[in-house]
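Open the model in your viewer and keep the selection panel at hand.

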Amino acid sequence: MRGDPADLRAVRVGGTTGLVSPLPVEALAVASATVHRLAAVGPAGAALEVDAAPPADGQLAVDARHVAADFASESLLRLDGQPAAGGFAPLSRFFPTADGWVRVHANYPHHRAALLHALAVPDGDDERAVAAAVRAALHERLALDVEEQVVAGGGVVAAVRTPQEWAASPMGAALAGAPLVDLRRVGSDDAAAATRLDQRAGRDPAQGVRGARVLDLTRVIAGPTGTRALAAWGADVLRLDPPHLPEPRAQLLETGSGKRFAQLDIASGAGRERLEELLAGADALVHGYRPGALARLGLSEEELAERHPHLVVASLSAWGTQGPWAQRRGFDSIVQAASGVAVMTGAADGSPGALPVQALDHAAGHLLAAAVMRGLVLRRPAGPGGTWHAHVSLAGLARWLLSQQVSSEAARAGERLKASDLERYLVDLPSPEGTVTVVRPLGAPVWSAALTSSAPTWLPTPR
């Protein structure tokens, strides 16, 4: 993102994460969290008017174990003291095929239905019987054939590949030269136009992330954790979800701290009009729509830059913006399987494995938050101005992990993370549903409340 390299020399990391893996998950977790912290309170981001000052001694302290808690946050959620984590659905797992393995994601009902339809497996109330039928159907098929057939039917599956197979594939090749965070100016260079629109929307362009209006069109983990971080730094984050695709409540609560939540069908006429009004008053848009999806609603990068040149836009995808899979659905676990991470973390018997946490999701969230904060600085009249768009992909983070791989036995040893080590990083938040216990934010003030329901509108701008 072109920050000051000297900032990194001012970072002091304490302890270890306990995220033991043959791949450098600890390095990815600490580095991404540090980039986020530096964007907020480091020398390049100190003018963002956040509720925390740069460290007096010139060094930014990063608690590695707190980073680990942040990366494991969805497993630590409690509601009124009881564990509330949703976890993976019974069919969201690895299955053997005739020639290898596939990873299935079926947490959402429409993805589950697409999987069963593609495999001609009838649904039923007995989950064990359904899983057994899926296993039998997959055992007769080739992994790549399953991937093609299920994806074509709207499901989410990936064949397990080695890192070499992924790098040699057209999609792997398309990712080879992509940056981890692609932050660039889009559209007109007319900074004055952006400033005029800021003023028309009631926002002073000299303000930073505190009080900034962030429109959150993300789901699952990666995007929502990024916008959750922005809420901790004082942004007014409004999350919009489509009414016909409800998110699991536990997932909403865990990633919704400090946010307001509303439902809006942006594909409808009235919803589309309301969205334009929200964009006109926003400082940043963070979305997880697949590349090209918003363009079908008249919200391509170029159209957003023309109508809303004051916006910082940050987007997330599974596979990046280029290549044959750019518009394909994907999740952290699916990217791990396709990219070779599952092979590198697999067992001695050849069965695939997984990272100790959903590190691609969480790292992407931290980088998205950092990109938004950096974009808010760049768009200022005192900076280069203009409209700034950022993009982060889960597959890009997997590529980085594999390029830094450490496959020695030493990497598998060491002190492993235990939930009891993380209790001191938890905080209780009030909500209409009860007391929500979540991991407190890294370096930022604690949110005042859990996710709250709201109308799809902005809060009045403080004068």
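Begin with the second largest cavity, which holds about 30 Å³ of space. A cavity here is a set of points, on a 1 Å grid over the protein atoms alone, where a 1.4 Å probe fits but cannot get out, and lining residues have an atom within 4 Å of a point. Grid points are joined across faces, edges and corners, and a volume is the space filled by probe spheres set on the points. Select L217, L275, L279, L285, L294, L299 and L304 to show the lining of this second largest cavity. By class, that lining has seven nonpolar, no polar and no charged residues; Ala, Val, Leu, Ile, Met, Phe, Trp, Tyr, Cys and Pro count as nonpolar, Asp, Glu, Lys and Arg as charged, and the others, Gly among them, as polar.

The model is predicted: local features need pLDDT of at least 70, side-chain atom pairs count only at pLDDT 80 or more, and totals for chains, interfaces and linings use all residues. Residues are numbered from 1 along each chain as its sequence is written, and side-chain values use heavy atoms, with hydrogens and water left out.

Next, select D70, T225, R228, A229 and H366, the residues nearest the centre of the largest cavity among its 15 lining residues. The space in this cavity is about 130 Å³. Its lining divides into five nonpolar, seven polar and three charged residues. Which element gives the most to this lining? It is α9, with four residues; helices (H or I, at least four residues) and strands (E, at least two) are DSSP runs numbered from the N terminus.

Stay with α9, which also gives the most to the lining of the largest pocket, with three residues. A pocket is an open set of points with protein on both sides within 12 Å along at least five of seven lines. Select R219, L245, G288, Y289 and R290, which lie nearest the centre of this pocket. About 930 Å³ of space lies there. Colour domain 1 (1–85 + 177–462) and domain 2 (94–168): both give residues to the lining, so the largest pocket lies between them. The domain bounds come from an automatic or database domain assignment.

Finally, select α15 (residues 359–378) and α16 (residues 394–403), whose axes come within 9 Å and cross at roughly 110 degrees. Axes are lines fitted to C-alpha atoms, for helices over the stretch in contact, and angles run from 0 to 180 degrees between N-to-C directions. In contact (heavy atoms within 4.5 Å) are L360, D361, A363, A364 and L367 of α15 with L394, L397, A398 and L401 of α16.
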